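Biologist: I'd like to learn how to read a few features in a structure like this one. Could you walk me through them?

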Amino acid sequence: MTMKTSPMLTPLLLFLLFSLAKALNPNCDVHDHGSTLKVFHVFSPCSPFRPSEGLSWEESVLQLEAKDHARMQYLWSLVARRSIVPIASGRQITQSPTYIVKAKIGTPPQTLLLAMDTSNDAAWVPCTSCVGCSTLKPFAPAKSTTFHNLPCSAPQCKQVPNPTCGGSACAFNFTYGTSSVAAGLVQDTVTLATDPVPGYTFGCVQKATGSSIPTQGLLGLGRGPLSLLAQTHHLYQSTFSYCLPSFKTLNFSGSLRLGPVAQPKRIKFTPLLKNPRRSSLYYVNLVAVRVGRRIVDIPPEALAFNPTTGAGTIFDSGTVFTRLVEPAYTAVRNEFRRRVSVGKKLTVTRLGGFDTCYTVPIVAPTITFMFSGMNVTLTPDNTLIHSTAGGITCLAMAAAPDNVNSVLNVIANMQQQNHRVLYDVPNSRLGVARELCT
């Protein structure tokens, strides 16, 4: 089945946001309830991290694509052979998260915005004592009666990179981009929606040097010992789901649902695969890709899971556009082009890293990711990016960039939008169901 789309109907991201946000006043003070948190896009009118001035459609696409390149480099650093797992994400996450949630830390509670990251474990926040942080609203430990530093003897001190004990409190250092970061390992009460979690362990950033300065906190949704899942297992049973709002949604709010209660019943699952070298990442078995009704010819090794090399397919909340290894992407792209151009003479152009763009309206085929036990069929809203001014339509996928891990396929957040993605870690499975997220 194909769907007729027009580039005049679906402008991307900032072009629509900045042209309409001034005339609208979305309710940014909606309270979280139960164990469900509102999820905002970083460019939402409710986000303090949105650019102060609007970008053109082309500028916004090129900016996101460039940040995706950095994200892929970061993911490669995770699956590569290494003895230390970083506690924080790379510069592309700390400078420009894609989706953010509100959390309350301390007693009395202080509201902070944290970037959602399924490929990281621990949480961290810039603190008022931080030297070199450009944070709009840092966490103030001195104002919390439940805050305390963890001693060097704490077992958590062995779970962070480069721990140091100049005094009695545990501290650690990590680097990303051109920055070096020093943080203290601390505990305080963290409240998510209406659920308080006493004694939550996180990093309190004290010093940052270099040009990659963190601007907000991070909430790690991976599977490591310092992750949200590990620290709230008694409360949420290592289960969560999210529904990411479309870029076109004016108020840009989705939801992060914690715990097994109220998760969808009608949902198909695929098994989660375990990579002992990077147990946090959510690997799944992608067996084939269908464009329209045709399953494209992809070499099996391009999709195969290999814990030794890090090869395989992951779901990631921080990458914007899906990246496939070169043989897989080429096969999908070529069949997409063939279907679009049936009976027509169309000129294919490119925009930045996107090599399949058109300057006329097209009839786009659906693209289906075929996993073990589960198919996910994407409509053009998940597979195409459009402009209004220039009349450009592009396939919103790309090959993995050169000089990064060419064996990792990443199912990114644009392709996850308007789907409920359920992470059921106790049963080692991931589910996807179509859902309007706003």
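**A side chain and its partners**

Modeller: Let's begin with N382: a polar atom of the N382 side chain lies 3.1 Å from the backbone oxygen of M414. Keep in mind that this is a predicted model.

Biologist: Which side chain makes a polar contact with the side chain of N382?

Modeller: That partner is R434, and the two side chains come to 2.8 Å in this polar contact.

Biologist: Where does N382 lie, and is N382 buried or exposed?

Modeller: N382 belongs to helix α8, which covers residues 380-383. The general idea is that a residue counts as buried when its relative accessible area is under 20%. N382 has 2%, so N382 is buried.

Biologist: Which residues does N382 touch, leaving aside those up to four places away in sequence?

Modeller: M414, Q415, Q417, H419 and R434.

Biologist: Now the cysteines. How many disulfides does a search of the whole structure find?

Modeller: Six. The general idea is to look for pairs of cysteine sulfur atoms within 2.5 Å. Take C152 and C165, whose sulfur atoms are 1.9 Å apart, so they form a disulfide.

Biologist: Why is the disulfide of C152 and C165 called left-handed?

Modeller: Look at the torsion about the S-S bond: for C152 and C165 it is about -130 degrees, so this disulfide is left-handed. C152 sits in the loop between β6 (148-149) and β7 (163-164), and C165 in the loop between β7 and β8 (171-176), so the link ties together parts 13 residues apart in sequence. C152 is partly exposed at 26% relative accessibility, and C165 is partly exposed at 39%.

Biologist: What about C357 and C394: is their link left-handed or right-handed?

Modeller: The link of C357 and C394 is right-handed, with 105 degrees about the S-S bond. C357 is in strand β21 (residues 354-358) and C394 in strand β26 (residues 393-395), so this pair joins parts 37 residues apart in sequence. C357 is buried at 0% relative accessibility, and C394 is also buried at 0%.

Biologist: And how many residues apart are C243 and C437?

Modeller: Their sulfur atoms are 1.7 Å apart in a disulfide, yet the two cysteines are 194 residues apart, in distant parts of the chain. C243 is in strand β12 (residues 239-243), while C437 is in the segment after β30 (429-434). Their link is left-handed, with -70 degrees about the S-S bond, and both C243 and C437 are buried.

Methods
Residues are numbered from 1 along each chain as its sequence is written. This is a predicted model: local features need pLDDT of at least 70, side-chain atom pairs count only at pLDDT 80 or more; totals for chains, interfaces and linings use all residues. Side-chain values use heavy atoms; hydrogens and water are left out. Helices (H or I, at least four residues) and strands (E, at least two) are DSSP runs, numbered from the N terminus. Buried means under 20% relative accessible area, exposed over 50%, partly exposed in between (1.4 Å probe, protein chains only). A polar contact is a pair of N or O atoms within 3.5 Å; within protein, one must be able to donate a hydrogen and the other to accept it, and residues adjacent in sequence count only if both atoms are side-chain atoms. Contact means heavy atoms within 4.5 Å.
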